Amino acid sequence: MNFKTILACAALLIGIGTATAAVESDIVGYQTVEVTNGWTLLGVNFVGLEDASVNEIPVLSLISGEFSAGEQIQIPTANGYAIAEWNPAVNAWCTVSRGKVTTTPSTAKISAGAGFWLKSTATPENPKVVQFAGKVYDGDEISVTLGQKYTIFSPLLPNEVAVNSDLLTWTNLEHGDQVQIPTANGYEVAGWNSTLSKWCTISRNKVTTTPSTVAIKAGESIWVVSTNADASVAFPSPISE
């Protein structure tokens, strides 16, 4: 078997303590994230176990950990959010009806490279460990349409990647478009400098010429605020032969 092993260890923002990813092509990969606050914006860096498609990974097979009653996964949709809530009675993520959790296991799915909110009871003193399971993507380059909107984005790269990395190809952005990286105290924001074709720091609400050093951590998502309907970002497979 021809495979590479990728190992990444990163301290996550938005109150996440640590994240590690150990993955190999052709076998199951995993990623653990230590969550230390109530709302955490996470990302899916793998494709499905049963189906290597980059779309529609069931949350029941993707996300595991020691969860508590009332904790939720909230997945952005075109019409709001799809919500699954942890039900300790059946030890599974279940549907929610009229504001109450049911005993019906959720059929919610998350696309690889997408992000979602985890609402948890975690605190810095009592963190939660969340584990993702999947396969490392080893197909062709993927292009994600950002569109004229706010988009939650996480690349299929199970290690830290800077927003200005050569691994990410940003297309059809306008000067002043933004990436917003969640932190424990809010967001760190970088603006697109169309002259430099780079994400740069922002000072007094204006984009500077200083390239930003912010990065997307393993297991993390970011907000991308884009102006053009055809704005996109492309990235390669993390496995190279």
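## Strands, rings and one buried leucine

V144 stands opposite V233 in β24. That pairing comes from a predicted model, and it's a handy place to start looking around.

Four bridges join β14 to β24 (residues 232-235), and the two strands run antiparallel. As a reminder, strands of a sheet pair through backbone hydrogen bonds, either parallel or antiparallel.

Now for the rings. A pair of aromatic rings is described by the distance of the centres and the angle of the planes. The count of aromatic pairs comes to ten. Here are two of them:

| Pair | Centre to centre | Angle between planes | Kind |
|---|---|---|---|
| F67 and W93 | 4.7 Å | 55 degrees | tilted |
| Y150 and W223 | 6.1 Å | 80 degrees | edge-to-face |

What does the F67 and W93 pair tie together? F67 sits in the loop between β6 (63-65) and β7 (72-77), while W93 belongs to strand β9 (residues 92-97), so the pair links parts that are 26 residues apart in sequence. F67 and W93 are both buried.

With Y150 and W223, the partners lie in strand β15 (residues 150-153) and strand β23 (residues 222-225) respectively, so this pair ties together parts that are 73 residues apart in sequence. Are these two buried or exposed? Y150 has 54% relative accessibility and counts as exposed, whereas W223, at 16%, counts as buried.

There's also an aromatic cluster, formed by F153, W170, W192, W199 and F235.

Last stop: L62, which lies in helix α1 (residues 59-62). L62 is buried, with a relative accessible area of 2%; the cut-off for buried is under 20%. Which residues does L62 touch, leaving aside its neighbours within four places in sequence? The contacts are V44, I57, I110, Q131, F132 and A133. And L62 is 9.0 Å from K109 in space, C-alpha to C-alpha, with the two 47 residues apart in sequence.

Conventions
Residues numbered from 1 in each chain as written. Predicted model: local features only at pLDDT ≥ 70, side-chain atom pairs only at ≥ 80, totals over all residues. Heavy atoms only, no water. Phe/Tyr/Trp six-rings, centres within 6.5 Å; stacked < 30°, edge-to-face > 60°. Buried < 20%, exposed > 50% of the residue type's maximum accessible area, 1.4 Å probe, protein only. Pairing = 2+ DSSP bridges. Contact = heavy atoms within 4.5 Å.
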